[in-house]
Amino acid sequence: MHSDNDNVKMSTFSFEYQRIPMSDLSEPDRELCRRAELATGGSYSPYSNYKVGAALRLTDNTVVAGANQENASYPCGTCAERTALNYAQANYPQVAVEAIAVAAAEVNDCNDDTCGHRPPYPCGLCRQALAEAEHRQHIPVKVLLVDGDEVIVIPSALCLLPFTFE
Ligand SMILES: [Zn+2]
């Protein structure tokens, strides 16, 4: 995009990310992805049937996992990422989060083509929550999104939410 008006300042927001075969991940990151996959077992998702797990690794190597928790009153529900993040921040307030892995269980009972597989991209609320965690702790939160046999690796949660509310 270009402007002919000299008073208009153009800016760009972009970031680089990687798509890495699971087998090529570092051992700690691969383990974190495995913990996220295991955490989908704790999902309570009778309304969406979308089971998501998240696992956080703290800088002292503590791993905290969570899963999405839905409710008949839909807004009460909480995503896997915030379930795990809130637990970590409540129980380890002095320890920074260095990485989060997110995985979704395969949806088996869908028989139309519109619900094809998608990586478990965090929703806007979770992006905001992760961004604030980064601001609080002054180190980036690496985001690992499990996509089948590959993992999308994003170097900082702030990449996912331009113009974060502060
Ligand atoms: Zn979310």
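Which strands does helix H1 lie across? Here are some notes on that and on the sheet around it.

1. Helix H1, made of residues 27-39, lies across strands S2 (52-58), S3, S4 (97-104), S5 (142-147) and S6. Its direction is at about 145° to that of S2. Please keep in mind as you look that this is a predicted model.

2. Now for the sheet itself. Six strands form an open sheet in the order S1-S6-S5-S4-S2-S3, and the pairing is mixed. At the edges are strand S1 (18-21) and strand S3 (63-67), each of which pairs on one side only. On average, neighbouring strands of this sheet are turned by 20° against each other, direction ignored.

3. Strand S1 and strand S6 (residues 150-154) run antiparallel and are joined by 4 bridges. To find your way there, look for Ile20, which stands opposite Val151 in S6. In general, strands of a sheet pair through backbone hydrogen bonds, in either a parallel or an antiparallel manner.

4. Is Ala103 buried or exposed? Ala103 is buried, because 27 other C-beta atoms lie within 10 Å, and 20 or more are enough to count as buried.

5. Who are the contacts of Ala103? With neighbours within four places in sequence left aside, Ala103 is in contact with Cys33, Ala36, Glu37, Thr40, Gly53, Pro120 and Val146. As for Ala65, it sits 38 residues from Ala103 along the chain, and the C-alpha atoms of the two are separated by 11 Å.

Methods
Residues are numbered from 1 along each chain as its sequence is written. This is a predicted model: local features need pLDDT of at least 70, side-chain atom pairs count only at pLDDT 80 or more; totals for chains, interfaces and linings use all residues. Two strands pair if DSSP finds at least two bridges between them. Helices (H or I, at least four residues) and strands (E, at least two) are DSSP runs, numbered from the N terminus. Axes are lines fitted to C-alpha atoms, for helices over the stretch in contact, and angles run from 0 to 180 degrees between N-to-C directions. Two residues are in contact if their C-beta atoms, placed from the backbone, lie within 7 Å. A residue is buried if 20 or more other C-beta atoms lie within 10 Å of its own, exposed if 12 or fewer, and partly exposed in between; C-beta atoms are placed from the backbone.
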